[in-house]
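Subject: Structure for you to look at

Hello,

Here is the structure for you to open. Please keep it on screen while you read the notes below.

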Amino acid sequence: MDPMVVDIHPHIISTDTDTYPMNPLGGKRSKWSEARAATWEQYAAAMTEAGVRKAAVVQSSTTYGHDNSYLADCVDTAPGRITGVCSVGFMDDGVLDTMRYWIGERGMSGLRLFTTGSTMAQSDWLNDEKTKPAWAWAADNGVPVCVQLRVGALPMLRSVLRQFPDLRVVIDHVAMSDFVEGPPYRVAEPVYAFAEFPGVHLKVTTRTLRTGGQSAGGAGAVLRELIGHFGSDRLAWGSNWPASEGTLGDLLGLLDDAVRDLPAADAANIRGGTALRLYPRLREEAA
């Protein structure tokens, strides 16, 4: 296997609630963040044990909302090993200043829009007129935007991409698609349609691999289907640790099993190559 493994969807949470107070989006903290919270130091140890070399750590929006202070402080202590994907509110007044702060001053490499999850239903603001300046800023500055949404919200994302075709977008968890049915996995057909936008990438997470593993084709067949539509250079792995149960090594093992029969170049892209292109700060340090 390619030794360079990059995780683009772990989360970290501090034990210091005075310095980093909790303020979850929607006002409700996620159950996983209460039961399996892990600090940067714990994740760093897990990386070493599992063999994960680099990571783009995603803000825990269901813990801290849009206050990315803990994530930014951790990135400061480990430049090159990790970078940060910060959570922002595209509907907020002053969002351009907010993005300039987290990306320009605090060293974050990506943006995350949390529009749905275990604690909140699907939001409807993704293509609101008020979000246009934020989308334009992300497109102009080449900053990748991770979007957590469900399949039903994809038309909103499509309307955004029609206005800003140069956007680099990463669809979290393949839009929450459950791949329990066998090939050709028609459940994700609305996602496949986004292959026409060259900046759209898919984040293949533990959710993707576990539901795919329940299908007749297995997780490997899911990856082959996604590669057939997007190419492996637009697929990247994210552990979703510790939100997904299991050790980081266990979660990486799911990926190893899924890519085992893929061509070496495809496996290398999904395991780390695509991630290094999405987040150049990690790529430069790796070089």
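A charge sits over a ring if NZ of Lys or CZ of Arg is within 6 Å of the ring centre and within 35 degrees of the ring normal. Here the charged end of arginine 158 sits over the ring of phenylalanine 194, with 4.8 Å to the ring centre.

Some notes on the source. This is a predicted model, in which local features need pLDDT of at least 70 and side-chain atom pairs count only at pLDDT 80 or more, while totals for chains, interfaces and linings use all residues. Residues are numbered from 1 along each chain as its sequence is written, and side-chain values use heavy atoms, with hydrogens and water left out.

Aromatic pairs

Two rings of Phe, Tyr or Trp (its six-membered ring) pair if their centres lie within 6.5 Å; planes under 30 degrees apart count as stacked, over 60 as edge-to-face and the rest as tilted. How many aromatic pairs does a search of the whole structure find? The search finds eight. One of them joins tryptophan 40 and tyrosine 43, which are 6.3 Å apart centre to centre with 50 degrees between the planes, a tilted pair. Both residues belong to helix H2 (residues 40–50), three residues apart, or about one turn of the helix. Helices (H or I, at least four residues) and strands (E, at least two) are DSSP runs, numbered from the N terminus.

Tryptophan 40 has 7%, so it is buried, and tyrosine 43 is buried at 0%.

Phenylalanine 194, the residue under arginine 158, also pairs with phenylalanine 197: the ring centres are 5.9 Å apart and the planes are at 45 degrees, so this pair is tilted. Phenylalanine 194 is buried at 1% relative accessibility, and phenylalanine 197 is buried at 8%. Elsewhere, ring pairs link Tyr20, Tyr64 and Tyr70 into a cluster.

Nonpolar cores

In soluble globular proteins, nonpolar side chains tend to be buried together. A nonpolar core is a set of buried Ala, Val, Leu, Ile, Met, Phe, Trp, Tyr and Cys residues joined through side-chain atoms within 4.5 Å. The largest one has 87 residues, and those that touch the most other members are Trp40, Phe90, Leu111, Trp135 and Leu157. Helix H11 (residues 218–230) gives the largest share of this core, seven residues. A second, separate core has 14 residues, among them Cys146, Leu278, Tyr279 and Leu282.

Contact means heavy atoms within 4.5 Å. Leaving out residues up to four places away in sequence, tryptophan 135 touches Phe90, Leu113, Leu126, Val145, Val147, Leu157, Val160, Phe164 and Leu167.

Backbone points

Where are the cis peptide bonds? One runs from proline 183 to proline 184, with omega near 10 degrees; proline 184 is in the loop between helix H8 (173–176) and H9. Another runs from tryptophan 241 to proline 242, with omega near 0 degrees. Proline 242 lies in the loop between strand E8 (235–238) and helix H12 (248–259).

That loop between E8 and H12 also holds asparagine 240, which has a positive phi of about 65 degrees although it is not a glycine. Asparagine 240 is buried at 11% relative accessibility. Valine 174, in helix H8, has a positive phi near 50 degrees and is buried at 0%.

Regards

Key. Buried < 20%, exposed > 50% of the residue type's maximum accessible area, 1.4 Å probe, protein only.
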